[in-house]
Amino acid sequence: MPRRRPCPRSGERCPRAPRLGPCRDRAGTVPGQCRDSGFPPRGPPRAGRAAGVCFIGRSNVGKSSLIRALFSLAPEVEVRVSKTPGHTKKMNFFKVGKYFTLVDMPGYGYRAPQDFVEMVEAYLQERRNLKRTFLLVDGVVGLQKTDNIAVEMLEEFGIPYVMVLTKIDRASRGVLLKNVLEIHEFVKENTQGCFPQLFLVSSVEFSGVHLLRCFVAHVTGNLPTVEAS
């Protein structure tokens, strides 16, 4: 019997969909030092393949907008943001010098590509240098049933991940507090590989972007250490 996962569109259980073809790479390269993109370097690049992180979330959760905000100090990196929700259909790769690679996953839920599960599963299982996955959750609506798609994959494969609450500038304080508390409870009761700290960000106001940028640099081994005097 084929393993059954939540459908990437509805969140309901469904058989695994056949893969329709290989993913398409679209890389943006940042030349020189990582400080050009706001990610500080630490010594020479590691031998072998660079570390990687990936961003995943529902369609229209704001992945591309957040990645553009993270690279705001590197205008040479072009991050396209579509006006149409769910425009990202394939995995997009952004190389930060020789230090790490950031992957923008296609969105699940609304307008999810038919081969979403097969595509993402293959990447998560094969990428040994994947240091952290960032699961984006809409700050206005909070965790949804379709978010179980990503949570189940990450928990099953034992991949460390962290939740990021996006669009906090659009949510009222009451709604934001409710969603934050629900996520904290969900992480405590239902996850093992999720980082306990929730990151709250706004790609419009840049709230929380610098802290998230530093965390990405930390998990990829590119954050300078300060020795205590």
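**Confidence first**

pLDDT is the predictor's confidence in each residue, from 0 to 100. I began there, as this is a predicted model. The protein averages a pLDDT of 77, and 69% of the residues score at least 70.

**Salt bridges**

Next I searched the whole structure for salt bridges and came away with three.

I took Lys90 and Asp115 to start with; their closest N and O atoms are 3.3 Å apart. Lys90 sits in the loop between helix 1 (63–70) and strand 5 (92–96), while Asp115 sits in the loop between strand 6 (100–104) and helix 2, so the pair ties together parts 25 residues apart in sequence. I checked the cover on Asp115 too: this residue is buried, with a relative accessible area of 2%.

Then I turned to Lys167, which bridges to Asp138 with the closest N and O atoms 3.5 Å apart. I placed Lys167 in the loop between strand 8 (161–166) and helix 4, and Asp138 in strand 7 (residues 130–138), so this pair links parts that are 29 residues apart in sequence. Both Lys167 and Asp138 are buried.

The remaining entry is Lys178 with Glu182, at 3.0 Å between the closest N and O atoms. I found both in helix 4, four residues apart, about one turn of the helix.

**Helix 2**

Is helix 2 mostly covered or mostly open? I counted nine of its 11 residues as buried, so I wrote down "mostly covered" for residues 116–126. Among the buried ones are Phe116, Val117, Met119 and Tyr123, and also Glu118 and Glu121.

**The cavity**

The largest cavity has a volume of about 40 Å³. Which residues line the largest cavity? I listed Met163, Ile183, His184, Val187, Cys194, Phe195, Pro196, Gln197 and Leu198. Helix 4 (residues 173–190) supplies the largest share of this lining, three residues. By type, I sorted the lining into seven nonpolar, two polar and no charged residues.

Notes. Residues are numbered from 1 along each chain as its sequence is written. This is a predicted model: local features need pLDDT of at least 70, side-chain atom pairs count only at pLDDT 80 or more; totals for chains, interfaces and linings use all residues. Side-chain values use heavy atoms; hydrogens and water are left out. On a 1 Å grid over the protein atoms alone, a cavity is a set of points where a 1.4 Å probe fits but cannot get out, and a pocket is an open set with protein on both sides within 12 Å along at least five of seven lines; lining residues have an atom within 4 Å of a point. Grid points are joined across faces, edges and corners, and a volume is the space filled by probe spheres set on the points. Helices (H or I, at least four residues) and strands (E, at least two) are DSSP runs, numbered from the N terminus. Ala, Val, Leu, Ile, Met, Phe, Trp, Tyr, Cys and Pro count as nonpolar, Asp, Glu, Lys and Arg as charged, and the others, Gly among them, as polar. Buried means under 20% relative accessible area, exposed over 50%, partly exposed in between (1.4 Å probe, protein chains only). A salt bridge is a side-chain nitrogen of Lys or Arg within 4 Å of a carboxyl oxygen of Asp or Glu.
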